[in-house]
Amino acid sequence: MTAKRNRGLTEQAADTAVDQACRMLRLPTIRSQYPELAEAAGRDQMTYRGFLAELLLSECDDRARRRSERRIKAAGFPREKSIRQFNFDANPVIDPATIHTLAKCDWVKNGLPLCLIGDSGTGKSHLLIALGTEAAMHEYRVKYVLATKLVNELVDAADENLLAKTIARYGRVNLLCIDELSYMELHRRGAELLFQVLTEREEKYSVAIASNEFFGGWTKTFTDPRLCAAIVDRLTFGGNITETGTDSYRLAATRARARAEQKAAAAVAVG
(Lines give C-alpha, C1' and ligand atoms only; values in the text may rest on other atoms or scores of the structure.)
Protein backbone atom coordinates (compact mmCIF):
# COMPACT_ATOMS: atom_id res chain seq x y z
CA MET A 1 0.00 0.00 0.00
CA THR A 2 1.11 3.56 -0.62
CA ALA A 3 2.23 5.29 2.56
CA LYS A 4 0.09 8.21 3.74
CA ARG A 5 1.79 11.52 3.00
CA ASN A 6 2.32 14.06 5.72
CA ARG A 7 0.01 16.98 4.99
CA GLY A 8 1.89 19.31 7.32
CA LEU A 9 4.74 20.16 4.93
CA THR A 10 6.54 23.43 5.38
CA GLU A 11 6.49 25.76 2.38
CA GLN A 12 10.14 24.98 1.68
CA ALA A 13 9.48 21.24 1.81
CA ALA A 14 6.41 21.68 -0.41
CA ASP A 15 8.46 23.60 -2.99
CA THR A 16 11.08 20.86 -2.97
CA ALA A 17 8.40 18.19 -3.38
CA VAL A 18 6.81 20.05 -6.32
CA ASP A 19 10.22 20.45 -7.95
CA GLN A 20 11.00 16.74 -7.61
CA ALA A 21 7.55 15.69 -8.82
CA CYS A 22 7.81 17.94 -11.89
CA ARG A 23 11.18 16.40 -12.74
CA MET A 24 9.76 12.87 -12.44
CA LEU A 25 6.62 13.71 -14.44
CA ARG A 26 8.56 15.80 -16.99
CA LEU A 27 6.64 19.02 -16.43
CA PRO A 28 9.35 21.64 -17.04
CA THR A 29 7.00 24.61 -17.43
CA ILE A 30 5.15 23.97 -14.17
CA ARG A 31 8.51 23.45 -12.49
CA SER A 32 9.86 26.81 -13.69
CA GLN A 33 6.65 28.83 -13.30
CA TYR A 34 5.29 27.26 -10.09
CA PRO A 35 6.85 29.77 -7.64
CA GLU A 36 5.60 32.80 -9.59
CA LEU A 37 2.14 31.31 -10.15
CA ALA A 38 1.88 30.30 -6.49
CA GLU A 39 2.67 33.87 -5.40
CA ALA A 40 0.07 35.23 -7.85
CA ALA A 41 -2.50 32.72 -6.64
CA GLY A 42 -1.97 33.87 -3.05
CA ARG A 43 -2.32 37.54 -3.95
CA ASP A 44 -5.43 36.94 -6.07
CA GLN A 45 -6.96 34.53 -3.54
CA MET A 46 -7.47 31.90 -6.22
CA THR A 47 -9.23 28.64 -5.39
CA TYR A 48 -7.26 25.41 -5.38
CA ARG A 49 -9.02 24.41 -8.59
CA GLY A 50 -8.19 27.73 -10.25
CA PHE A 51 -4.53 27.46 -9.26
CA LEU A 52 -4.33 23.89 -10.55
CA ALA A 53 -5.94 24.96 -13.85
CA GLU A 54 -3.40 27.79 -14.24
CA LEU A 55 -0.53 25.37 -13.71
CA LEU A 56 -1.82 22.79 -16.17
CA LEU A 57 -2.75 25.36 -18.83
CA SER A 58 0.71 26.94 -18.64
CA GLU A 59 2.26 23.52 -19.26
CA CYS A 60 -0.09 22.83 -22.18
CA ASP A 61 0.55 26.24 -23.77
CA ASP A 62 4.31 25.87 -23.50
CA ARG A 63 4.24 22.38 -24.95
CA ALA A 64 2.20 23.64 -27.91
CA ARG A 65 4.73 26.43 -28.43
CA ARG A 66 7.65 24.01 -28.37
CA ARG A 67 5.89 21.68 -30.82
CA SER A 68 5.35 24.61 -33.19
CA GLU A 69 9.01 25.57 -32.94
CA ARG A 70 10.06 22.00 -33.73
CA ARG A 71 7.75 21.83 -36.75
CA ILE A 72 8.96 25.19 -38.06
CA LYS A 73 12.58 24.09 -37.66
CA ALA A 74 11.87 20.75 -39.35
CA ALA A 75 10.30 22.58 -42.33
CA GLY A 76 13.72 23.91 -43.29
CA PHE A 77 12.74 27.49 -44.10
CA PRO A 78 15.79 29.55 -45.18
CA ARG A 79 14.74 32.54 -43.07
CA GLU A 80 11.94 33.70 -40.80
CA LYS A 81 8.98 35.38 -42.48
CA SER A 82 5.50 36.11 -41.17
CA ILE A 83 2.21 37.51 -42.45
CA ARG A 84 2.52 40.30 -39.89
CA GLN A 85 5.83 41.42 -41.46
CA PHE A 86 4.43 41.60 -44.99
CA ASN A 87 3.98 45.12 -46.32
CA PHE A 88 0.64 45.01 -48.12
CA ASP A 89 0.76 48.78 -48.73
CA ALA A 90 3.93 48.32 -50.80
CA ASN A 91 2.21 45.78 -53.07
CA PRO A 92 -1.47 46.68 -53.50
CA VAL A 93 -1.89 43.87 -56.05
CA ILE A 94 -2.06 41.38 -53.17
CA ASP A 95 -5.35 41.26 -51.29
CA PRO A 96 -4.73 41.15 -47.50
CA ALA A 97 -8.08 39.44 -46.89
CA THR A 98 -7.12 36.58 -49.23
CA ILE A 99 -3.77 36.06 -47.51
CA HIS A 100 -5.30 36.16 -44.02
CA THR A 101 -7.90 33.62 -45.15
CA LEU A 102 -5.11 31.37 -46.46
CA ALA A 103 -3.34 31.78 -43.12
CA LYS A 104 -6.24 29.91 -41.46
CA CYS A 105 -4.96 26.83 -43.35
CA ASP A 106 -8.30 25.34 -44.40
CA TRP A 107 -6.72 24.66 -47.81
CA VAL A 108 -4.00 22.61 -46.12
CA LYS A 109 -6.61 20.71 -44.13
CA ASN A 110 -8.41 19.88 -47.40
CA GLY A 111 -5.22 18.95 -49.29
CA LEU A 112 -5.58 21.72 -51.89
CA PRO A 113 -2.73 23.37 -53.85
CA LEU A 114 -1.62 26.99 -53.77
CA CYS A 115 0.21 28.89 -56.51
CA LEU A 116 1.94 32.22 -55.85
CA ILE A 117 2.90 33.75 -59.18
CA GLY A 118 4.61 37.04 -59.96
CA ASP A 119 7.87 38.73 -60.85
CA SER A 120 10.96 38.76 -58.68
CA GLY A 121 10.74 41.05 -55.66
CA THR A 122 6.94 41.00 -55.40
CA GLY A 123 6.74 38.94 -52.20
CA LYS A 124 6.18 35.38 -53.42
CA SER A 125 8.84 33.71 -51.29
CA HIS A 126 7.91 35.82 -48.27
CA LEU A 127 4.29 34.68 -48.51
CA LEU A 128 5.28 31.07 -49.24
CA ILE A 129 7.43 30.91 -46.09
CA ALA A 130 4.92 32.86 -44.01
CA LEU A 131 1.99 30.63 -45.00
CA GLY A 132 4.14 27.55 -44.47
CA THR A 133 4.99 28.84 -41.00
CA GLU A 134 1.29 29.36 -40.27
CA ALA A 135 0.62 25.77 -41.31
CA ALA A 136 3.34 24.52 -38.95
CA MET A 137 1.78 26.58 -36.14
CA HIS A 138 -1.56 24.92 -36.96
CA GLU A 139 0.13 21.57 -36.22
CA TYR A 140 0.68 20.50 -39.84
CA ARG A 141 3.92 18.90 -41.00
CA VAL A 142 5.60 21.22 -43.50
CA LYS A 143 8.65 20.97 -45.78
CA TYR A 144 10.22 23.83 -47.76
CA VAL A 145 12.54 23.16 -50.69
CA LEU A 146 13.84 24.93 -53.79
CA ALA A 147 12.56 23.34 -57.00
CA THR A 148 16.04 22.67 -58.39
CA LYS A 149 17.21 21.15 -55.09
CA LEU A 150 14.18 18.85 -54.99
CA VAL A 151 14.73 17.70 -58.57
CA ASN A 152 18.46 17.10 -58.00
CA GLU A 153 17.67 15.12 -54.84
CA LEU A 154 15.16 12.99 -56.73
CA VAL A 155 17.63 12.27 -59.55
CA ASP A 156 20.34 11.30 -57.04
CA ALA A 157 17.86 9.09 -55.19
CA ALA A 158 16.90 7.34 -58.44
CA ASP A 159 20.57 6.69 -59.21
CA GLU A 160 21.07 5.19 -55.75
CA ASN A 161 17.86 3.09 -55.81
CA LEU A 162 16.34 5.26 -53.07
CA LEU A 163 13.65 6.93 -55.16
CA ALA A 164 10.65 5.23 -53.54
CA LYS A 165 11.90 6.15 -50.07
CA THR A 166 12.56 9.78 -51.08
CA ILE A 167 9.19 10.20 -52.79
CA ALA A 168 7.49 8.71 -49.72
CA ARG A 169 9.33 11.18 -47.47
CA TYR A 170 8.12 14.14 -49.52
CA GLY A 171 4.74 12.52 -49.94
CA ARG A 172 3.77 12.32 -46.28
CA VAL A 173 4.19 15.93 -45.13
CA ASN A 174 0.92 17.87 -44.95
CA LEU A 175 2.30 20.82 -46.92
CA LEU A 176 5.17 20.80 -49.40
CA CYS A 177 6.41 24.32 -50.24
CA ILE A 178 8.34 24.45 -53.53
CA ASP A 179 10.09 27.76 -54.14
CA GLU A 180 11.52 29.19 -57.38
CA LEU A 181 9.66 26.83 -59.67
CA SER A 182 10.13 27.68 -63.37
CA TYR A 183 13.27 29.77 -62.76
CA MET A 184 15.27 27.45 -65.03
CA GLU A 185 14.78 24.60 -67.46
CA LEU A 186 14.49 21.13 -65.96
CA HIS A 187 15.68 18.14 -67.96
CA ARG A 188 12.99 15.63 -68.81
CA ARG A 189 14.04 13.00 -66.26
CA GLY A 190 14.01 15.50 -63.39
CA ALA A 191 10.62 16.87 -64.47
CA GLU A 192 9.18 13.34 -64.59
CA LEU A 193 10.44 12.62 -61.08
CA LEU A 194 8.91 15.88 -59.81
CA PHE A 195 5.64 14.82 -61.43
CA GLN A 196 5.82 11.57 -59.43
CA VAL A 197 6.05 13.55 -56.18
CA LEU A 198 3.06 15.68 -57.16
CA THR A 199 1.07 12.59 -58.13
CA GLU A 200 1.90 10.96 -54.79
CA ARG A 201 0.42 13.96 -53.00
CA GLU A 202 -2.57 14.60 -55.27
CA GLU A 203 -5.86 15.12 -53.40
CA LYS A 204 -4.24 13.97 -50.15
CA TYR A 205 -1.75 16.63 -49.12
CA SER A 206 -1.16 20.24 -50.17
CA VAL A 207 1.54 21.66 -52.39
CA ALA A 208 2.34 25.39 -52.43
CA ILE A 209 4.61 26.80 -55.13
CA ALA A 210 6.15 30.17 -55.90
CA SER A 211 6.92 30.90 -59.55
CA ASN A 212 8.03 33.93 -61.54
CA GLU A 213 6.26 32.63 -64.65
CA PHE A 214 2.56 32.27 -65.27
CA PHE A 215 1.48 28.86 -66.51
CA GLY A 216 1.81 29.74 -70.17
CA GLY A 217 5.55 30.23 -69.69
CA TRP A 218 6.15 26.93 -67.91
CA THR A 219 7.02 25.21 -71.18
CA LYS A 220 10.45 26.83 -70.79
CA THR A 221 10.89 24.83 -67.58
CA PHE A 222 9.03 21.67 -68.52
CA THR A 223 9.91 21.22 -72.18
CA ASP A 224 7.56 18.28 -72.79
CA PRO A 225 4.16 19.96 -73.45
CA ARG A 226 2.11 16.98 -72.20
CA LEU A 227 4.15 16.68 -69.00
CA CYS A 228 3.91 20.45 -68.49
CA ALA A 229 0.12 20.32 -68.85
CA ALA A 230 -0.10 17.43 -66.39
CA ILE A 231 2.03 19.28 -63.81
CA VAL A 232 -0.04 22.46 -64.18
CA ASP A 233 -3.17 20.35 -63.70
CA ARG A 234 -1.80 18.83 -60.48
CA LEU A 235 -0.89 22.26 -59.10
CA THR A 236 -4.12 24.06 -59.94
CA PHE A 237 -6.99 21.57 -59.61
CA GLY A 238 -9.35 22.94 -56.96
CA GLY A 239 -6.62 25.19 -55.59
CA ASN A 240 -5.82 28.83 -54.98
CA ILE A 241 -3.92 31.03 -57.44
CA THR A 242 -2.57 34.31 -56.08
CA GLU A 243 -0.81 36.75 -58.38
CA THR A 244 1.77 39.06 -56.77
CA GLY A 245 2.16 41.35 -59.78
CA THR A 246 5.11 42.61 -61.82
CA ASP A 247 6.40 45.63 -59.88
CA SER A 248 9.22 44.75 -57.50
CA TYR A 249 8.56 46.53 -54.19
CA ARG A 250 11.96 45.26 -53.00
CA LEU A 251 13.62 47.23 -55.81
CA ALA A 252 11.37 50.21 -55.09
CA ALA A 253 12.38 50.12 -51.41
CA THR A 254 16.07 49.99 -52.35
CA ARG A 255 15.67 52.99 -54.64
CA ALA A 256 13.75 54.90 -51.96
CA ARG A 257 16.54 54.27 -49.44
CA ALA A 258 19.15 55.39 -51.98
CA ARG A 259 17.24 58.64 -52.64
CA ALA A 260 16.89 59.28 -48.91
CA GLU A 261 20.62 58.73 -48.40
CA GLN A 262 21.45 61.08 -51.29
CA LYS A 263 19.21 63.78 -49.80
CA ALA A 264 20.78 63.33 -46.38
CA ALA A 265 24.28 63.56 -47.87
CA ALA A 266 23.33 66.67 -49.83
CA ALA A 267 21.90 68.30 -46.70
CA VAL A 268 25.12 67.60 -44.79
CA ALA A 269 27.19 69.02 -47.64
CA VAL A 270 25.11 72.21 -47.74
CA GLY A 271 25.26 72.53 -43.97
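Leu-150, Glu-153, Leu-154, Ala-157 and Ala-158 of helix 7 are in contact with Leu-163, Thr-166, Ile-167, Arg-169 and Tyr-170 of helix 8 (contact means heavy atoms within 4.5 Å; helices are DSSP runs of H or I of at least four residues, strands are runs of E of at least two, and both are numbered from the N terminus). By class, this contact of helix 7 with helix 8 has seven nonpolar, one polar and two charged residues (Ala, Val, Leu, Ile, Met, Phe, Trp, Tyr, Cys and Pro count as nonpolar, Asp, Glu, Lys and Arg as charged, and the others, Gly among them, as polar). The axes of helix 7 and helix 8, the latter spanning residues 163–171, come within 7 Å and cross at roughly 145° (axes are lines fitted to C-alpha atoms, for helices over the stretch in contact, and angles run from 0 to 180 degrees between N-to-C directions).

This is a predicted model, in which local features need pLDDT of at least 70 and side-chain atom pairs count only at pLDDT 80 or more, while totals for chains, interfaces and linings use all residues. Residues are numbered from 1 along each chain as its sequence is written, and side-chain values use heavy atoms, with hydrogens and water left out.

Five strands form an open sheet in the order 2-3-4-1-5, with parallel pairing (two strands pair if DSSP finds at least two bridges between them). Strand 2 (142–146) and strand 5 (240–245) are at the edges with a single partner strand each, so one side of each has no neighbour in the sheet. From one strand to the next the twist averages 15°. Strand 1 (residues 114–118) runs parallel to strand 5 and is joined to it by five bridges; Cys-115 stands opposite Ile-241 in strand 5.

Helix 6 lies across strand 1, strand 2, strand 3, strand 4 (206–211) and strand 5, and runs at about 170° to strand 3. Helix 9 (residues 188–201) also packs on the sheet, where it touches strand 3 and strand 4, and its direction makes about 150° with that of strand 3.

A pocket is found on a 1 Å grid over the protein atoms alone, as an open set of points with protein on both sides within 12 Å along at least five of seven lines; a cavity is a set of points where a 1.4 Å probe fits but cannot get out, and lining residues have an atom within 4 Å of a point. The volume of this second largest pocket is about 380 Å³ (grid points are joined across faces, edges and corners, and a volume is the space filled by probe spheres set on the points). Its lining has 19 residues, with Ile-72, Glu-80, Lys-81, Thr-133 and Met-137 nearest the centre.

The largest pocket holds about 520 Å³ of space. Helix 1 (11–25), helix 2 (28–44) and helix 3 (48–75) each supply at least two residues of its lining. Ala-14, Asp-15, Val-18, Tyr-34 and Phe-51 lie nearest its centre, among 14 lining residues, which divide into eight nonpolar, one polar and five charged.

The structure holds one cavity of 30 Å³ or more. Helix 7 (147–159) and strand 3 (175–181) each supply at least two residues of the lining of the largest cavity.
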